[in-house]
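Reader: I want to learn how to read aromatic contacts in a model. Where do we start?

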Amino acid sequence: MPKRVNNIFKENITFTKLLEAHNKCKKNKRFKKQVIEFEMKLESNLIQIGKELLNNTYTFSEYFEFTIYEPKERKIKTLNYKDRVVQTWYVENFLKPYFKPNFVNDSYACIETKGTHKAVEQTQKYLQKADKKYEEVWILKCDIKKFFFNIDRQILFDLLKRKIKDKYFLRFSKKIIFYNQEQIGIPIGNYTSQYYANIYMTKLDKYIKEKLKIKYYTRYMDDFVLTLESKEKTKEVLEKIKEFLDENLKLELNSKTAYFKQNQGINYCGFRIWKTHRLLREQSKKKMKRKLKNFQKLYKKGKIELTYITACINSWKGHAKHANSYKLVNKLLNEFILTK
């Protein structure tokens, strides 16, 4: 077992590191009003946070809960701005330096220089390699059932303890993980949750890569794809993954999990992927069509700025360029006319 890290928590409680966390956190426009209020007393706020972290009196506020409906209905829990700064400080100084190096190369969520487009590109490359190597290519597409809501908090905490033994870090981690009396589930929306999820799933990554010896595997959060050489092998691997998830992480796969031949294409990270090309998913196209129609109505009523519309369109075009979608993008945008 690798040597556990100690004496790291208190030495990272500095004004400079808290200021860095604030500067990173404030880029999120959702907290614009809270950022202004926080910055009005920036120095005293950061000093007070530091004191509370040092003497173990820092307490998190109650969660604010809301629902999102894209890409599917989910309940999001989020904290106020001050707590977001503290969580950012925690992630940047502990989770990233000590746990991120342990992530496998084929994990793509919440990691700088990676993301959905890199996951899609690598999955296609693996398809191409498998097609040259295997007589038949099968895809195993897996998704975890209610992932964030089913993460076992004690298992997660034990994974932190395996790497770090600093009692102050572990005590503070408990405040984040065991924020209520429930034994399972971490909040979607927390900055910490994204990294906790990767720490949790790294155990599965290593099992698939090192124990099952699967070469062609990519994971984006709880959504992962394996490219295999036969139907029999695919069914065997699926059963082993189910067993591992149940015994080690107390998770199970959902009804979307399936295996099929490569010619069907893979729905993954917003695209449909084949070895030769990639297309945008129908859901993405329909969502953009709805947005453009809504933009037309709001712009005509003077309720939306042209700069905002342009930014949204450019963002979607940036996403679409990763697929073979030139004709589709031109068609949609040529039909989009703004009038007042």
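Author: Start with charges and rings. A charge sits over a ring if NZ of Lys or CZ of Arg is within 6 Å of the ring centre and within 35 degrees of the ring normal. Keep in mind that this model is predicted.

Reader: Over which ring does the charged end of lysine 10 sit?

Author: Over that of tyrosine 168, 4.1 Å from the ring centre. Lysine 114 has its charged end over the ring of tyrosine 108, at 5.0 Å from the centre.

Reader: Now ring against ring. What describes a pair of aromatic rings?

Author: The distance of the centres and the angle of the planes. This structure holds 23 aromatic pairs. One of them joins tyrosine 207 and phenylalanine 244. Their centres are 4.2 Å apart, with 10 degrees between the planes, and the pair is stacked.

Reader: Where in the chain do tyrosine 207 and phenylalanine 244 lie?

Author: Tyrosine 207 is in helix H9 (residues 191-211), and phenylalanine 244 is in helix H10 (residues 231-249). The pair links distant parts of the chain, 37 residues apart. Both residues are buried.

Reader: Why is the pair of phenylalanine 295 and tyrosine 308 edge-to-face?

Author: Because the planes of the two rings stand at 85 degrees, with the centres 6.2 Å apart; planes over 60 degrees apart count as edge-to-face. Phenylalanine 295 belongs to helix H11 (residues 282-300) and tyrosine 308 to helix H12 (residues 306-320), so the pair ties together parts 13 residues apart in sequence.

Reader: Is phenylalanine 295 buried or exposed?

Author: Buried, at 5% relative accessibility. Tyrosine 308 is partly exposed, with a relative accessible area of 48%.

Reader: Which residues form one aromatic cluster?

Author: Phe9, Tyr58, Phe60, Trp89, Tyr90, Phe94, Phe169, Phe172 and Tyr196.

Notes:
Residues numbered from 1 in each chain as written. Predicted model: local features only at pLDDT ≥ 70, side-chain atom pairs only at ≥ 80, totals over all residues. Heavy atoms only, no water. Phe/Tyr/Trp six-rings, centres within 6.5 Å; stacked < 30°, edge-to-face > 60°. Helix = DSSP H or I, 4+ residues; strand = E, 2+ residues; numbered from the N terminus. Buried < 20%, exposed > 50% of the residue type's maximum accessible area, 1.4 Å probe, protein only.
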